[in-house]
Amino acid sequence: MRDQHIAKLREKAEKLLRLVTVEEAAGMSAEEVRVMIQELQIYQIELEMQNRQLEQTATELELSRRQYEELYDSAPAGYFTLDQNGVIVEANLTGASLLGVTRLNLLERRFSQFVHQESSHDFYNLFLRAKEKTVSQRAEIQMVPQQGTRICAQVELLQIQKQETPPLFRLVFLDITERKKTDEALKKHEQLLSSIIESSINGIQVFKAVRNSKGEIIDFEWLLMNHVAETFMNTSYEALRHTTLAQEAPEEITSGRFVRYVQVVEQGQPQTFTAHIKKGTKEYWLNLVAVKMEDGFVLTSEDVTEQHQVHEQLKESQHLMKTMAEAMPDFLYVEDLQLGRNIYNNRNFLAFLGYTPADIKGHPRELLDTLYHPEDASLLLNRKSRCANLPEGEYLQTHTRIKAKDGSWRNILFRDTVFKRDAHGQPTQLVGVAMDITERLRNTQELLRKQATINGLLNNLPIILWRISPTGIIEEATGLGLKSLGHQDQDLVGKHMSALNQGVMPHIQNVLTGGKATFVGELEVEGQKVYKQNFFLHDPLTGGAIGFCLDVTEQKKAEAEASWRNYILDQLIQKLPMVLAILDHQGNYVEARGEGLRRLGIADNELVGQNLFTLFPELTDMVDEIKAGKPINFIKRIDHQGKHTHFQNFGLFDPAQEFGIAFAIDITELIDAQEEVKQEKEFSENLLENSIDGILSFDHQFRITAWNKTMEQIMSVKKEQALGTSLVHLFPKQVQALVRLSLKKVLQGNRLTVHEIPHLHTSKNYEINLLPFPPSPEQKVTGALGIIHDITLERQRQHADVKSQLHQQKLVMNAVLSAQEEERKRIAEGLHNSLAQLLYAAKLNLEDLILRKPIAEPDAGVTLQRINMFLEDAIKETRTLAHELIPKALQDFGLKVALKDLSRRLSTDQFNVQCIVTGFNGPADSLLETALFRIVQELLNNSMKHALATEVVVQVVDKGTQIMVRVEDNGIGMDTSNPSFKGMGLATIQNRVKHLQGTMDISSAPGEGTVVTITLGK
């Protein structure tokens, strides 16, 4: 429809192209002209519309062109247009960038310039194929950018068909260097994976799921199997290809492992488990790992049969080790140094020390770390640093003391070795053994004591100790007994025994062959017969002989006394509470007699034929030791007719003679006494703990050995913390030297009593008595006892008594002062009203006599005038005395005015008094003000008469709570170090101040004046 319309328009346009003549225009009707004009307007509008469409199309084309250019230049591949000679006609920015040349410099250059020499032939063949064919040709070419390393490019070349012009070629190349490297790496990885699979020590199989019509997995088909899997299954992959588990391994379906495989494929979760497989008479254990792969799974199997067997053996070994660790008497542990905790203990160490779960607050290690002896704690707490450089396989041995709950110190030997180290070689875990060697140390000490005893016996008794080699050579001969043979220690070493006494050689030969020998040897020394009782036994360690001999020369003489001694033994057994028994090798009594049997209602030899182990079953465990000849020692309690009897039993079995000797002593009274002592000890401890006084004791090293509850309250230190701690260390460092000095005095045997605990801040008062122990001066002091008695109430009572006495003294003093003042007042009134009036009357009469009767004698007139002057002076002195005895200003106006008046009256040209009085504005205390006035009056009198002062400053200050009096002069001063410097005046002042409960300080030196400072409390 649109094409027809356009054709009509074109036809009309062609008509319009022909010019209309005037004649034709004139011949047109008006209607024809109107229609023509209307059609022209329509054509104009249509042309304008077409013009707008063309402009819009041109804009869209421009936008598309720009987008094409952007896409062309920003494409990830390089685009080139080549002419038929391979010259670059056009290139995008990516291509120029890949070749390392700007686009402008790239044009009109042969593309082959950028082709590596090794790929030039390939590029030439590619170009020829593109010329011959119209489809695109592709090849991988090695390119060499202008700058940079060689790259691998995938090049695609297509001939562009243009008519009547030489052909052009569109070349696209993409940098596939990384992809090439990745492909090569992937290829290598595939080869490596294949090698790994084939060389793996584990069996590897790949399966694909077999599903039914519902999509459910019903079986698995083999896709791959390595050589290890083929060997284990005794087949090959070729034989199993395209077969399934149900066909070749039906046990996999019935064993439950099939369900696991299905879960791996369906859920995508790997499965790791151990399978127990039986093949004929053999059993295998496999570690299986199934991992999903597409619609199947990869199954990796590891034959762990040997590991399983080793693991089972290891479990048995671990169980054996655990059983041994729990059965061993020592403490086996593994300690984590980073956690500061033991991660394994074969036994409860704290329970061994006597601590219960109630004693443990927090982690058990926290309690244990507080139990180390202060001198040994650093050895255990610093084990990490001590083990840092410990070579592998070596042990760190530490001997320390640890406090048990009963307060005793257990000696523990720790042997630690490094179990694990961190990346820096520092130890992180230790494995060790802790052994209680308390008893061993005691036994060692006992052994040392026995050795000392043996040495003492050898050095003090006529005994000789022999050690003979297997050939009869004397290797050791020592003891005081050699002296009787005319030899000294070791004189006979190196000589043959036969050279000493040929007669003993048969006995020695018998011993050297493994026997024992007891015989008497006879020698003649300096004409005297010497007899030696010899005891020799075979030494299995050296093959030689060990023996000793006693000088029995005197015993030979004493054999006559043997019967008497046997008689004495019989009497002891029959008279004292003792029992002597002889037993055969089976433990049956051969003889049993003694007075000790009577308390059991048994007659002598009544036990003959009975068995020792039947009567004393507790000895059954010691049968082997008894038969080996080891002595036994035990206490047995026997109840008979409601009474108990304790026997201390000693026994020794002689395997050679096959009889044993048992000796028992009735120690009932001793046991009862010990029980009584134990009860008394418990009573004493209870008394100590419940005493209201603080009680402590310490040894010669100041270590606290006793500390009761009252001491805990006084010193705020628990008994557990105090025991074993140095008493000096409970005090601050600044007083430790003083405390140590005091304690040393006590340990030197001196008693010490003090009334203050250094640096203890408390409102209570204590009396501390330190007594050396034992108190006897003849015995060595081993420690001291301290008793701290609270005397707070006693001090309070004493203070109250003193305060009451002072109050009574003050009342008495006030009464005395009042009486003194009253007496002064009476005397003053008497002087003023009586003596002064009489003197004044005498003066008036004398003046009247002088005026009425002229004196004939000139000397008599002078005498009368002199008498008149004396009377005047006497009147003034009387008034002064009366005023000093009772100053009216003090009574009428108070202390401040009275002191001012006193200063004014005493001041002269040669003696200046400055008086400063502050306060005293409240109600007046007449007694206090009178005392203050008298004190200042006496001090001014001393300064004027004794100190020869010219200036005195008096300060009296009422501070509200106290009164301060200070009198300072510039007199000759005095030596206050001289005990006689206080005269009557100062002593009087001192007494007044003391009764007023005040203090007086005198500061003076010869030639430097005097300052007296008095402080009184109100």
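Visitor: How many cavities of 30 Å³ or more does the structure hold?
Guide: Rolling a probe the size of a water molecule over the atoms shows where empty space is left. On a 1 Å grid over the protein atoms alone, a cavity is a set of points where a 1.4 Å probe fits but cannot get out, while a pocket is an open set with protein on both sides within 12 Å along at least five of seven lines. Here there are two cavities of 30 Å³ or more. This is a predicted model, where local features need pLDDT of at least 70, side-chain atom pairs count only at pLDDT 80 or more, and totals for chains, interfaces and linings use all residues. Residues are numbered from 1 along each chain as its sequence is written, and side-chain values use heavy atoms, leaving out hydrogens and water.

Visitor: Which residues lie nearest the centre of the largest cavity?
Guide: Lining residues have an atom within 4 Å of a point. The largest cavity has 14 of them, with L500, N501, L523, K532 and N534 nearest its centre. Its space is about 110 Å³, a volume being the space filled by probe spheres set on the points, which are joined across faces, edges and corners.

Visitor: What is the volume of the largest pocket?
Guide: About 870 Å³. Its lining counts 29 residues, and K403, K405, K719, E720 and L723 lie nearest its centre.

Visitor: How do the residues of that lining divide?
Guide: The lining of the largest pocket has eleven nonpolar (Ala, Val, Leu, Ile, Met, Phe, Trp, Tyr, Cys and Pro), twelve charged (Asp, Glu, Lys and Arg) and six polar residues (the others, Gly among them). The lining of the largest cavity has nine nonpolar, three polar and two charged.
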